[in-house]
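Hi there,

Here is the structure I promised to pass on to you. Have a look at it first, and my notes follow below.

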Amino acid sequence: MRVRAAGLGGLLLSVLLVQALALPWPYNNVPSIDSLEGDMCNIYGEAALPFAANNFCNGTGFTTPGLLGYRCDVLALAEHIFQSFSKPNATCPAARQTRAANVSLNGTAIPWPLSDQRPLPANLPASLLAAEGPSMYWHWKNLYNFELWAPCAATNASKTQTSGWVRMGNSSLEWLRPVGWRVLSTLWVKDGPAQAGVTWPFATVLLKGKQLVILIRGTETYADWLTDFTYNENKTGTLSFPGATHQGFTALANTLWSIGLRAALLTNVVEGSVTSVSVAGHSLGAGVSQLVAYAAQDYLRHRSRSANVKVDAYLFAPPNAGDATWAAGFNKLVNARRFPFIYDIVPQVPCTPTMAACKNTVVPNPNPNGTWPYTTVGGTLQLLPAGMPSQAAQWGMLSKMYPCQLERFLLATHICSYNCYFSQYVSDTNNTCLLWNTTTTSAGGVGTYCSQYPVTSGPQYPFTP
């Protein structure tokens, strides 16, 4: 059964009613993602939403004039779905890390600096994926390992910056750091009061020879979730950016800058011997990385000893970070690669050219005009199912969104897709490329399964068209 286009509002509003009209939910009582999925399954069964996953903003009405009340109901549901993902982790996921390869398929050491593509066009030639793929892989894999390790190191201690990384006292819980690289520092950010001020690793600074790398993780905590949805465009902090930028991302970029990033650039680039700087982020981290990369390039170009140092930005699943003036300034200054998997929702939001401003959602974003302007930065290299090294046909089936399979959909499109795509540029079979069960179907493929795949009871997901 397919949901009719007119039924989307009914679907989402019905789910809100099923949750006993309890908006906003207290943090500790937020329905689990399993509960939300269960309600959706009970209401509509295994029905698909009436729009393609790569048309999320238009499909939900976030970019359509009028219907602001309806759009805000949809946004409230989206906020609670993401809130359910950001509850404290019960277990440490460090065991899911796998060591990153440090050479390309032809044996060349990675990473290497990106070719200078400034000023960035909206889209870069797809040939760059093959040409620069090994460096893209290296940044993604080490960032992902850092993201898996961060919950294991969360602490009640008050920290801002620590030298190196936290030794866990148990090899199975350690961060699988890139071979041959020195960890200069770990930058810590506190979670909200819901977790009693627990402090989490949020970014790290790495050094090898004349290369400096900054890795910034994605959403994992309640405070991160609040940052994601604080998308009004009020100026904050001391960093200066062109145009109007996302308040939550901007505040976090200012924090990271003040607690260690500026100092790392001063010591190792301006006063040191580093000639190559890269910033890599995933999801929330990619939103913040846009601002950090801009700030870093602006800082270095105004100092004579580092004026010619180029800052490369690797933006994996990046949400939009500001308006058209911001995007134009970023495209001129930063040598970025923007990687959205075509069916990933996160790189589509906040929606362009406008995003609904809702007063009564969990994170209020009031605006007299009812919207905030957003524009996507340049340098896009879109990741398509056809380019997947395994089970390309199954990845293509994720074009349909099934609310009953929400968690699987998000895990595949927002995490596994990037791990799978970039694995092809090195020898790494720990690729999370597999969705369908290869033992009972003709799907084929080499590698490992994405988390929660394959479906072991009922039909395989993603479903055939």
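Eleven helices and nine strands make up the secondary structure elements of the protein chain. Please keep in mind that this is a predicted model. The chain has 465 residues, and 60% of them count as buried. Its exposed surface comes to about 17500 Å², with 54% of that supplied by carbon and sulfur atoms. Looking at contacts with a separation of 6 or more, 72% are between residues 24 or more positions apart.

Now to the interior. In soluble globular proteins, nonpolar side chains tend to be buried together. Here, the largest nonpolar core has 88 residues, and Leu129, Phe339, Trp395, Leu398 and Phe422 are those with the most contacts inside it. Helix 5 (residues 127-153) provides the largest share of this core, with 13 residues. Another core, of 50 residues, lies apart from it and includes Val269, Leu291, Val311 and Trp326.

Not counting residues up to four places away in sequence, Leu398 touches Ala53, Tyr343, Phe409, Ala412, Thr413, Leu435, Tyr453, Tyr461 and Pro462.

Asn437 sits in the segment after helix 11 (406-423). Neighbours within four places in sequence aside, Asn437 is in contact with Tyr449, Pro454 and Gln460.

Methods. Residues are numbered from 1 along each chain as its sequence is written. This is a predicted model: local features need pLDDT of at least 70, side-chain atom pairs count only at pLDDT 80 or more; totals for chains, interfaces and linings use all residues. Side-chain values use heavy atoms; hydrogens and water are left out. A nonpolar core is a set of buried Ala, Val, Leu, Ile, Met, Phe, Trp, Tyr and Cys residues joined through side-chain atoms within 4.5 Å. Buried means under 20% relative accessible area, exposed over 50%, partly exposed in between (1.4 Å probe, protein chains only). Helices (H or I, at least four residues) and strands (E, at least two) are DSSP runs, numbered from the N terminus. Contact means heavy atoms within 4.5 Å. Accessible areas come from the Shrake-Rupley method with a 1.4 Å probe; for residues, only the protein chains shown count as cover.
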